[in-house]
Amino acid sequence: MHLPTQLSALLLVALPSAVRAVFQDEVGHIDYHYELLGLPQRETTFFHKPRRDDKASLLYTLSDVGVLGAVNPSSGAVLWRQLLNGTITDGGGFLRAGEGQNWLASAYGQSVHTWDAVNGRNKFWVDFAGEVKDLEIMEMTENNRKDILVLFDENESTVLRRLSGNDGRVVWEFKETSGDVPLQVSTNAEKVFVITLRGSAAAYNVKVTILDALSGRREDELVLGTKADVHDKDDVILVGANSAAPIIAWTDDIRQQLRVSVLGQKTRQEFPLPADTISVEIHAPHLVQSQPHFLVHSKTSTGHTAEVYHVDLRTNVITKAYQLPFIPGPGAFSTSSNGGNVYFTRITDEELVIFSSASNTVLGRWPLKNTESRLIALHGVSEVVKKVGTDSYAVRSASVTDTDEWILIRNGDVVWSRPEGLTGAVAATFVEIPESENLAKTLEQEAHSNPLEAYIHRVKRHLEDLQHLPAYLNNIPTRLMSSILGTEVSSHDVKLARDSFGFHKLVVLATKRGMVYVLDAGDHGKILAAKRVFDLPKGQKWAVAGIKADDSAGIVTILGTNNDETIVKILPGSSFNMEVFSMGPEGSPATQSAALLNTVSGPRLFPVGLDGELQGLTSDILPNQIAVVRGSDRELKGVAIADGKQTVSWTFVLPKTQKIVDIAARPSHDAVASIGRVLGDRTVKYKYLNPNTLVVAAVDESTKIPSLVIYLLDTVSGQILVSSKYEGIDPNKHIECAMAENWFTCTYFGQYRLRDGAQSLKGYQIVVSDLYETDKPNDRGVLGDAENFSSLGPIDAPGDVPLPSVVSQTFILSAPISALEVTQTRQGITSRQVLAYLPENHGIVGIPRMVLEPRRPVGRDPTAAEAEEGLIKYHPTIEIDPKSVHTHQRDVIGVQKIIAAPAVVESTSLVFAYGIDVFGSRVAPSFLFDILGKGFNKVTLIGTVLAITAGVMILSPMVRRKQINALWGAPM
């Protein structure tokens with residue numbers, strides 16, 4: 001691609017200056033946004049005062065999707081957040097805060113970073129060669145500066161670095177090449193302890209290396225226990241840090257004994273665990289001045305209990321102080337410190353209780369209130385405060401529940417709840433609100449009866465509907481005032497039903513944690529239901545192979561990759577209700593994708609095995625269908641289905657040096673308003689509208705300069721219709737494609753040359769290709785006016801294959817884009833927009849199709865005919881105009897996919913984006929030409945009508961009197 005040396009001024013995405021993606025008065029009316037963090041992790045969530053002199057604390061967390069953020073505990077509002085890894089993660093990472101410090105330290109992967117605790121600004125970011133295994137804050141140093149200890153696994157070596165808390169420079173480094181498995185790092189007031197596992201898998205013992213805090217020099221090395229004392233690193237359940245007596249604790253493989261050792265001591269102590277213990281957690285303070293007390297939380301299949309232990313600082317002997325009663329059912333504990341005092345908070349499904357670590361006296365007990373259903377807390381953090389001048393206490397606890405919510409309980413009251421389970425979404429679809437089954441049966445009965453009976457039946461039905469007339473009349477004033485003033489009608493007064501504009505749809509969302517959510521797109525994305533479909537073991541994710549909605553029945557089918565199937569049925573009625581049926585998962589992943597095939601009863605999803613074989617085929621599948629699947633060698637295969645059997649009709653094998661990075665097809669709803677494009681001279685270029693086409697993007701990294709090859713395949717014959725090659729691309733950046741009507745587009749990061757060839761640059765690009773039947777106007781090509789066409793048969797002679805005529809053009813983007821999607825409308829009359837996510841700007845942009853027009857004249861102004869057609873002069877750059885961003889000022893992070901659905905009105909397309917945040921809106925690429933917008937001044941209109949009416953009523957008698965007087969005064 002060649003560009004002029006002097007690029008023109010920035011080309012705005014939206015050409016008319018008045019174009020806006022969303023108007024100011026539409027914000028919050030047509031769109032909605034869930035600003036999320038992800039599920040907080042137990043070890044990376046805490047209360048912390050952002051400034052030393054602050055009295056109030058903020059709530060900080062590093063979530064399981066890699067988002068670091070601060071939350072206001074009073075309201076639950078997000079104050080700031082950072083996406084550490086640039087994309088969704090599967091947990092991990094480290095987050096610590098120094099007592100009295102105004103910064104936080106975090107680590108993920110190979111990077112260590114610090115952040116301003118007040119505004120979230122990055123103070124420093126340092127990358128290293130190894131992977132971070134642990135991070136701790138040195139609370140006491142020689143210069144009264146709090147530093148950071150970071151433990152790395154670096155080429156099978158254990159490396160500990162002390163970093164300056166001011167600028168991240170390395171103060172000292174300790175390296176050991178013994179081949180041990182680095183586990184954690186800990187400190188007390190004088191020493192640094194490096195904990196590693198020595199031995200081999202399933203036969204470890206614990207090694208503690210003692211270092212001098214000032215120089216990092218090794219002082220001693222201790223081996224705790226015997227060989228095979230630890231079977232896995234998960235057996236080590238706590239390594240305390242920043243305590244007067246930090247401890248290390250682990251269990252045996254059958255959860256019968258708890259082994260505890262004070263760091264720096266060679267001895268260990270063993271304590272029995274309750275019978276049938278299935279998991280153990282230890283809660284201890286993280287302040288040097290706190291008492292050396294800790295709590296052991298033991299969970300069984302029927303309930304849970306806890307024991308509190310004390311460490312004698314003189315003898316380093318651990319003794320059991322007291323035991324809390326066994327309570328049936330689940331529960332959670334958390335620790336809070338205030339100076340030397342340590343408090344433990346217990347949350348059950350009925351109450352919240354706080355204890356002192358010194359005795360088992362209950363300091364406060366509150367029954368749980370404001371809970372719509374049973375509350376099961378999995379883990380949490382607490383902050384306990386003693387009220388001034390009294391012996392009473394106050395507590396607030398932020399907990400994660402079994403329904404993937406993050407809640408804050410203050411003295412038994414649930415103050416706020418955040419639906420953090422919406423993060424990590426892997427699939428979503430729009431579904432219509434089902435109509436009443438009785439109405440559907442009635443309409444079907446009327447359709448199959450004679451006209452007279454149908455008329456009588458309809459009259460009776462309308463008479464029965466009169467019982468709803470009083471309620472309808474009572475609601476008219478509210479609806480009228482709401483329409484005039486532009487306010488919202490309370491959702492409590494509106495039943496769940498379809499609206500005449502088609503805006504009121506539901507969204508079914510599936511997450512990687514095994515949850516299914518139903519959101520009301522017509523009520524600001526309100527969560528109508530949330531249900532856990534699968535209880536997945538730790539480390540396993542729910543991967544969705546396909547999702548499909550049956551609008552007529554209100555049923556959504558979700559196929560997973562582990563032989564699992566979930567059916568969500570929306571039940572008709574005035575209030576929301578649903579049923580969820582699930583099967584699986586079973587064994588290891590056995591499904592790579594899902595194929596949508598037409599059956600006698602309608603379209604249905606069928607799983608595709610890892611070898612490319614369709615599974616579960618039935619005899620009711622309609623004939624003459626071809627499914628495109630990927631084989632065991634990653635090739636593409638066209639599978640013909642007939643009579644419940646499958647036959648491979650073609651195979652598309654890429655060169656060995658190429659690999660597929662993306663596949664795009666036309667959406668299931670892709671309405672085409674016109675089969676041709678009328679040019680400025682009134683001639684017509686006919687569109688190539690083959691529904692059986694597929695775009696395949698493949699990367700070739702065999703050469704020094706990687707290239708991108710884009711194929712357009714005929715899915716019936718497997719023939720390559722179009723292919724193009726782009727050199728100098730970066731295969732590690734986003735490469736995505738989208739297809740609609742007679743065109744497709746792909747985006748990538750690649751190399752381009754200036755027109756004079758003197759300079760070569762790299763940037764984000766988007767290529768657009770239009771497909772026409774021929775390159776000549778008013779010419780249908782070899783097919784002519786044929787009513788039927790077969791991709792497998794010849795036309796007139798061998799070689800007369802109806803290949804499309806292609807017009808392509810490439811543009812340079814000012815920012816990377818991903819998650820491409822094309823807007824959809826009911827009839828396809830409205831112009832299209834290419835929707836895309838901006839990973840760097842955290843927004844969703846809509847690029848008009850008229851900007852991505854490959855027929856724009858290059859190097860000259862458009863002719864009069866071209867200008868009449870709407871073509872403008874080609875400029876190579878497309879600058880992302882803020883006015884074209886549908887998310888406007890909203891900070892939407894982590895979007896993985898965007899879906900679109902048509903509304904009933906032709907002007908509007910519904911949009912829904914998911915990943916980490918959830919965002920929904922209504923998009924009108926050609927403006928609202930069929931309904932009145934929110935900005936329409938109805939008050940002025942009604943006022944004008946009333947004023948005219950009043951004027952007519954006042955002037956009418958005067959005019960009548962004047963006419964009468966004129967008649968009397970006329971000559972006889």
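**Figure 1. A network of salt bridges links Glu-176, Asp-180, Arg-198, Lys-207, Arg-218 and Glu-221.** This is a predicted model. Across the whole structure, a search finds 59 salt bridges.

**Figure 2. Arg-81 pairs with Asp-917 in a salt bridge.** Their closest N and O atoms are 2.6 Å apart. The pair links distant parts of the chain, 836 residues apart. Arg-81 sits in strand E6, while Asp-917 sits in the loop between E63 and E64. Arg-81 is buried, at 9% relative accessible area. Asp-917 is buried too, at 0%.

**Figure 3. Lys-541 and Asp-90 meet through their side chains in a salt bridge.** The N to O distance is 3.3 Å. Lys-541 lies in the loop between strands E38 and E39, and Asp-90 in the loop between E6 and E7, so the pair ties together parts 451 residues apart in sequence. Lys-541 is partly exposed, at 45%. Asp-90 is exposed, at 55%.

**Figure 4. The largest nonpolar core holds 28 residues.** Leu-59, Val-67, Trp-406 and Ile-898 touch the most other members. Strands giving two or more residues to this core include E5, E6, E32 and E33. Apart from this core lies another, of 23 residues, among them Leu-422 and Val-507.

**Figure 5. Val-67 touches residues from several stretches of the sequence, including Leu-37, Arg-81 and Ile-893.** Also among its contacts are Thr-61, Leu-83 and Ile-916. Residues up to four places away in sequence are not counted.

**Figure 6. A disulfide joins Cys-737 to Cys-746.** The S to S distance is 2.1 Å. The link is right-handed, with 105° about the S-S bond. Both cysteines are buried. The count for the structure is one disulfide.

Note on methods
Residues numbered from 1 in each chain as written. Predicted model: local features only at pLDDT ≥ 70, side-chain atom pairs only at ≥ 80, totals over all residues. Heavy atoms only, no water. Core = buried A, V, L, I, M, F, W, Y, C linked by side-chain atoms within 4.5 Å. Buried < 20%, exposed > 50% of the residue type's maximum accessible area, 1.4 Å probe, protein only. Helix = DSSP H or I, 4+ residues; strand = E, 2+ residues; numbered from the N terminus. Contact = heavy atoms within 4.5 Å. Disulfide = S-S within 2.5 Å. Salt bridge = Lys/Arg side-chain N within 4 Å of Asp/Glu carboxyl O.
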